[in-house]
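Here is a briefing on a two-chain model.

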Amino acid sequence: MTEMLARLGAGWILAVRHLGRALLLLLRILEGLDELVRRPRLLVEQLFSVGVLTVLIIGVSGLFVGMVLSLQGYYILSQFDAESALGVMVAASLLRELGPVVTALLFAGRAGSALTAEIGLMKATEQLSGLEMMAVDPVRRVLTPRFLAGFLAMPLLAALFSALGVLGGWFVGVGLLGVDDGTWWVQMQARIDWHEDLYNGVVKSLVFGFVCTWIAVFQGYNSLPTSAGVSRATTRTVVHSSLAVLGLDFVLTALMFK
Amino acid sequence: MKTSKTVEILVGAFVAAGLLALFFLAMKVSNLGTLDTSETYQVIARFDNIGSLKVKAPVTMAGVEVGRVSDIGFDQERYQAVVKLALYKRFDRIPDDTFAKILTAGLLGEQYVGLDPGGSDTYLKEGDEIEITQSAMVLEDVIGQFIFGKAQDKEKKQ
């Protein structure tokens, strides 16, 4: 019994310790932001690996999610003779939920895991220590640009996802299922509010970008400098990011849409 | 590793595509492109029952949108709903004896305020009240009246 209590307590202390370390790391990362003003190249390089290389999977997923939404929505809405609301349904679900959330989940799998593995390996091969030996702060030089790139790339990726999703849904709904083209766009513009739907979705993806890259960067920096340690840190990045995104999404949705 | 120029071009294209997608969502998908931001003047109208009228519902005259519902309140003394209508300034010649009624778009559609012009020479201005109003049609009331009317018909026949 006391053994179990002790284990529970140890687990809590470890969790709190990790949280504290992650917060301190975040502060150090944010302190290094002025470095990027002097060296914008660092940010561009990271935007390439975090953003550009993720575009393909985001674009393809967005297109197909939109197409499936349109297909499924059509079957349900046509039972109520409400096919004209198909565009509204597709756009609202993409802008409010699927765009930010699915993008964040894919981002955690594609870019977050890569970030963790890269930083973890840098640590394992003592490149970070090498930087320190040359009096270069590895947090400012390595972590800050990666963090900012992830934070900035996420809303752009989510916007791409939603836009391609709407186009995919349009292709299926208007092109294949015969919903009227004018009805699709006019109903959509009448019912989708730029503040309620679009702006809130962008805020969501900014929050997700912040949390996902923070977790990825922290896990990499905090990983054990062995191959097993890096592999475990990469797994943790994907699991923690996904859980954080889904949990935060619920909280944000409850706060935003009353 | 790609040359730095290619990286820069690709990153630029990525950022441009992302911003373009945001612009597309704002202008083509949401109502930002069709939003009427023209100046408005407020008039109020009291209704016995507004049904399920919502803020931002359109106010139309002859089917043309001339304003939006900007606020819905409740008058505790007269037990009536107080609806604030924001009418666009370019429609400044709406007679002050105009008749306001709450209508439904389609059988199950959303409700909006329809205005029928009166014959007065003076026009509505900021802060005025539309005196003549007609409440929303509530389905239960209509069915109730119908059944009541049927019962009365039967009594007459007997």
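In chain B, the C-alpha centres of domain 1 and domain 2 lie 45 Å apart. Domain 1 of chain B covers 1-30 and domain 2 covers 37-144; the bounds come from an automatic or database domain assignment.

This is a predicted model: local features need pLDDT of at least 70, side-chain atom pairs count only at pLDDT 80 or more, and totals for chains, interfaces and linings use all residues. Residues are numbered from 1 along each chain as its sequence is written, chains are lettered from A in the order in which they are written, and side-chain values use heavy atoms, without hydrogens and water.

**Extent of the interface**
- Contact (heavy atoms within 4.5 Å) links 27 residues of chain A with 26 residues of chain B.
- The two chains bury about 2400 Å² between them, 78% of it on carbon and sulfur atoms. Buried area is the accessible area (1.4 Å probe) lost on putting two parts together, summed over both.
- Phe48(A), Leu156(A) and Gln189(A) supply 26% of the area that chain A buries against chain B, more than any other three residues.

**Salt bridges**
- Chain A and chain B share 2 salt bridges (a side-chain nitrogen of Lys or Arg within 4 Å of a carboxyl oxygen of Asp or Glu).
- One salt bridge joins the side chains of Asp193(A) and Lys56(B), at 3.7 Å, N to O.

**Chain A side**
- Helices here are DSSP runs (H or I, at least four residues), numbered from the N terminus.
- Helices 3 (40-79), 4 (86-124), 6 (138-176), 7 (181-191) and 8 (194-222) of chain A each supply at least two residues of the side that touches chain B.
- Helix 6 of chain A gives the most, with 9 residues.
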